Every structure is written in C-alpha cells, then in structure tokens.
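Subject: Structure for you to look at

Dear colleague,

Here is the structure I said I would pass on. My notes on it follow below.

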Amino acid sequence: MTAAATRAVAAAVAALRDGEVVAFPTETVYGLGADARNPAAVRKIYALKGRPPGHPLIVHLASADALDAWAADVPPVARRLADRFWPGPLTLVLPRAPGVPDEVTGGQASVGLRVPSHPVAHALLAAFGGGVAAPSANRYGRVSPTRAAHVREEFGAAVPRVLDGGDCDVGLESTIVACLGDAPLLLRPGHVSHAELESVAGPVRRAAAGEGPR
C-alpha cells in the first residue's frame, strides 16, 4: 500500500478502537464495520443501516488462526473449507464461543466468520488485531456497494471514515455455509459454488426455506 493508504488504515484502526464505525472494502462488497467485541459499537451499525436487531452480522478476521477465539467448536470439515477458500468469499457459521456478543449473533447460538482476501481489508484486520463485525455498507434493503463512492453517497457524513480500495472484484456477497450438524448446510449461494464446496467437504445440503440459523 502507499503511505497515504497506510495512514488511512491506521486512522481507521484508531476509530474502531474508539468504538466508531468504519467502511472498508472486501473482495465481495464494501462493509460497514465495528469492533465485534464492543456491543455499543455494533449497535451503531444496526442504527446506521436501519437493520432489524435480530439479524446476525458476519465477523471478519485477519486469518483462520483466530477461529478458535470466536467459535466454540470447529469441526474438521470447517477446517478443510477454511484451508481451501480463505482468504476469500466464504462465510462459515459455527457454534459461538463464550463471550461473543448477542449483538453480533442476533442472540443465536452460532456466529458467522470469514477471512476476506482484499488487501485493504487484510491490512485493517491485521493492524486492528481483532474481529470486525461488518454487514454490507448500505441501508437495509438497498443494493450492496462495490465502490467507496457508493458508501459515501449512501451515508454521507454519518460514516466519515471510508477506506477506498477501488472496485470490489467479486461484487456479490459471500457464500454462507453452516457447519453445525452432521453435514454442511449451504445457507446462501455466492461466488464459491456448490460444486466447489462439495469438492472439499463432500455432500453439502442446500438449506430449505427457513432452515438453519438466520
């Protein structure tokens, strides 16, 4: 990254530690992030988006090494999927570890985790040293942003800290797979295809309407 980009990341890290919300790029879409261990900061995301409070958020991590800090159990199939597709556009839903705030999980017993591949996201997460809860950086029900300009147009001065990482490569939300039972359950299709998942995990069942965690 350039010196200016490095300074911008450092300022965003400081804002996260102060309990503020920052927008940052991933390879999928831009996210609206807050310190996932800070319930008050996470509530700001819901307020900004107008998002129903029972809708869980995905926690973004710098690497798979942080999995055990957020998940109470990581089955072998989840490790294989992480080894193959992280960093990348795959979210794994796992049993939540003690201490993960309800604001992140929507009060559920599971938590969504992923390691993004965008270099700006990685720099932010590595420098922050913790998990960042981040849904897409748009108001609830609107189109997910794939450029920093989209975020600024959506939120204006309400989100003053927007890291510009250019256009998102994928432009589609991450694939979500729950690893909570006997076999993986595909909750949301995305860039990582069903066939790719099964090449690593074996049979992956597609969730029926209303099945699995929210």
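Which residues does Leu-113 touch, not counting residues up to four places away in sequence? This is a predicted model, and in it Leu-113 touches Ile-58, Val-59, Leu-61, Leu-67, Trp-70, Ala-71, Trp-86, Leu-90, Thr-91, Leu-92 and Leu-94.

Leu-113 belongs to the largest nonpolar core, which has 49 residues. Leu-113 is among those with the most contacts inside this core, as are Leu-32, Leu-81, Leu-90, Leu-92, Leu-94 and Leu-197. At least two core residues each come from β2, α2 (39-49), α3, α4, β4, β5, α7 (148-155) and α8. Another core, of 16 residues, lies apart from it; Val-9, Val-13, Ala-121 and Phe-128 are among its members.

Helix α4 (residues 76-85) has Val-77, Ala-78, Leu-81, Ala-82 and Phe-85 as its buried residues. Seen down the axis of α4, these fall within an arc of 135°, so they line one face of the helix. Their cover includes α3 (67-70), β4, β7 (175-178) and α8 (194-201). On the face of α4 turned away from the buried side are the exposed residues Pro-76 and Asp-83.

The largest pocket has a volume of about 770 Å³. Its lining consists of 40 residues, with Arg-51, Pro-56, Ile-58, Ile-176 and Arg-188 nearest its centre. β5 gives the largest share of that lining, 4 residues. By class, the lining has 15 nonpolar, 17 polar and 8 charged residues.

Regards

Technical notes. Residues are numbered from 1 along each chain as its sequence is written. This is a predicted model: local features need pLDDT of at least 70, side-chain atom pairs count only at pLDDT 80 or more; totals for chains, interfaces and linings use all residues. Side-chain values use heavy atoms; hydrogens and water are left out. On a 1 Å grid over the protein atoms alone, a cavity is a set of points where a 1.4 Å probe fits but cannot get out, and a pocket is an open set with protein on both sides within 12 Å along at least five of seven lines; lining residues have an atom within 4 Å of a point. Grid points are joined across faces, edges and corners, and a volume is the space filled by probe spheres set on the points. Ala, Val, Leu, Ile, Met, Phe, Trp, Tyr, Cys and Pro count as nonpolar, Asp, Glu, Lys and Arg as charged, and the others, Gly among them, as polar. Buried means under 20% relative accessible area, exposed over 50%, partly exposed in between (1.4 Å probe, protein chains only). The arc is that of the directions from the helix axis to the C-beta atoms. Contact means heavy atoms within 4.5 Å. A nonpolar core is a set of buried Ala, Val, Leu, Ile, Met, Phe, Trp, Tyr and Cys residues joined through side-chain atoms within 4.5 Å.
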